[in-house]
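Here is a short briefing for a reader meeting this structure for the first time. Please look through the sequence and the model, then read the points below.

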Amino acid sequence: MSPTPTALERLVNPAGLPTLGLELPLDNDWGNTRLRADRAAGRPFGVPDLTRHAELARLADTLGFAGLWVRDVPLYDPEQFGDAGSVFEAFTHLGHLAAVTERVVLGTAAIVLPLRQPLLVAKAAATVDVLSGGRFILGLASGDRPVEYPLFDADFQARGATFRKNVGILRTAWANRPSGEGISLPDIGLGAERKLEVLPKPTGRSIPIAIAGHAQQSAEWIAQNADASLNYPRPLGALRLKTREWQQLTAGNSKPYLTPMQLDLTEDPSVAATPIRLGLRTGHEALVDHLREMGGLGVSHISFNLRPSDRPVEEVLQELAETVLPHFPSPGVAATRGPEAVTAP
């Protein structure tokens with residue numbers, strides 16, 4: 001009997017094609033029609049409609065998307081950033097999603113690690129991992145909103161050093177030790193001799209960590225300490241340079257390169273791809289070609305943010321499932337639904 005694939009293995013197609021996921025919330029609150037309606041009703045920008053969040057997550061799982069990703073936006077800042085992200089607290093939300101989905105990988109994109117107590121992050125992450133049956137990837141970031149740091153009694157300028165320290169604490173907390181041996185608190189710099197333990201333990205040896213952007217670290221440190229790179233989309237020329245650098249840094253220990261992408265999928269399938277902020281406006285025919293190019297450059301997984309679209313989210317999900325997903329099979333889906341569900345035409 002073959003071992004259960006890890007969450008990262010579920011996102012990596014051995015054939016070199018990218019797998020496809022979705023960034024939550026599944027809403028179209030950035031589309032022009034919705035923006036006009038929100039302004040007319042006096043609703044704030046960047047706060048999505050979460051009425052159907054569980055229903056749409058279940059639909060995405062059923063349709064065969066490989067991943068669902070939530071963002072960590074601790075505080076809504078309508079003046080400077082104007083985006084509440086996924087709104088729900090990330091780990092609480094993922095615990096709920098673990099109960100209402102069966103196959104899809106669940107990930108954070110990304111937890112602002114310097115703002116959180118690392119032992120509690122270790123416990124929350126392991127909890128989601130266990131509740132989901134090993135379907136969890138912990139995306140981590142250093143944070144880019146200076147206004148949040150003093151409110152959490154954290155030092156924005158020191159966030160890079162804090163990030164490095166906290167990643168080490170996470171790995172220590174998740175490690176399986178012989179019976180009777182716990183975490184030695186001096187091992188993580190807390191200055192006591194008592195042995196303690198963080199439970200539950202992950203389903204595997206550790207929880208996969210994807211580091212978002214640079215996180216105030218060197219590329220070499222990320223390649224050594226992350227299990228995957230999580231980077232914003234780039235034009236294909238710039239993407240080629242970025243993925244080549246990652247491949248060189250992880251040579252001999254290949255690690256996935258993951259990227260989100262904003263997507264405005266047009267009703268006309270033949271519309272050519274044109275750039276929008278951090279993504280594309282395109283019909284599904286050109287989208288398939290573009291995704292193949294990204295896969296050829298070394299991108300293992302692409303998660304779509306559908307918020308710029310005017311089309312109903314359910315309609316877009318159905319079209320992607322019928323016309324795009326079959327070209328980019330997910331090993332995680334194949335393991336649970338059979339090869340006929342993911343065979344490319």
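**Salt bridges and burial**

With a relative accessible area of 11%, Glu 319 is buried. Buried means under 20% relative accessible area, exposed means over 50%, and partly exposed lies in between (1.4 Å probe, protein chains only). This is a predicted model, in which local features need pLDDT of at least 70, side-chain atom pairs count only at pLDDT 80 or more, and totals for chains, interfaces and linings use all residues. Residues are numbered from 1 along each chain as its sequence is written, and side-chain values use heavy atoms, with hydrogens and water left out.

- Glu 319 meets Arg 311 in a salt bridge, at 2.7 Å from N to O. A salt bridge is a side-chain nitrogen of Lys or Arg within 4 Å of a carboxyl oxygen of Asp or Glu.
- Arg 311 counts as buried, at 10% relative accessibility.
- Salt bridges with shared partners also join Asp 27, Arg 34, Asp 38 and Arg 43 into one network.
- The whole structure holds 16 salt bridges.
- Asp 83 and Arg 71 form a salt bridge, with their closest N and O atoms 2.4 Å apart. Both residues lie in the loop between S2 and H4, so the pair ties together parts twelve residues apart in sequence. Asp 83 and Arg 71 are buried.
- Arg 116 forms a salt bridge with Asp 72, and the closest N and O atoms are 3.0 Å apart. This pair links distant parts of the chain, 44 residues apart: Arg 116 is in the loop between strand S4 (111–112) and helix H5 (118–131), and Asp 72 is in the loop between S2 and H4.
- Arg 116 is partly exposed at 22% relative accessibility, whereas Asp 72 is buried at 11%.

**Strands**

Helices (H or I, at least four residues) and strands (E, at least two) are DSSP runs, numbered from the N terminus. Two strands pair if DSSP finds at least two bridges between them.

- Strand S2 (residues 67–70) is covered on both faces. Gly 67 and Trp 69 are buried on one side, and Leu 68 and Val 70 on the other.
- Strand S1 (residues 19–23) pairs with S2 in the parallel sense over three bridges.
- S2 and strand S3 (residues 105–108) run parallel and are joined by four bridges.

**Surface patches**

Patches are made of residues with over 30% relative accessible area and no salt bridge; like charges are joined within 9 Å, and nonpolar side chains (Val, Leu, Ile, Met, Phe, Trp, Tyr) within 5 Å.

- Glu 267, Asp 268, Glu 285, Asp 289 and Glu 293 form a negative surface patch.
- Glu 267 lies in the loop between strand S10 (257–265) and strand S11 (274–276). Glu 267 is exposed, at 62% relative accessibility.
- A nonpolar surface patch consists of Val 47, Tyr 76, Val 87 and Phe 88, with about 290 Å² of accessible area together. Such areas come from the Shrake-Rupley method with a 1.4 Å probe.

**Backbone features**

- The peptide bond from Leu 24 to Pro 25 is cis, with omega near 10°.
- Leu 199 and Pro 200 are also joined by a cis peptide bond, with omega about 5°.
- Ala 215 is not a glycine, yet has a positive phi of about 50°. Ala 215 is buried, at 5% relative accessibility.

Conventions
Lys, Arg positive; Asp, Glu negative; His and termini not counted. Charge placed at Lys NZ, Arg CZ, Asp CG, Glu CD.
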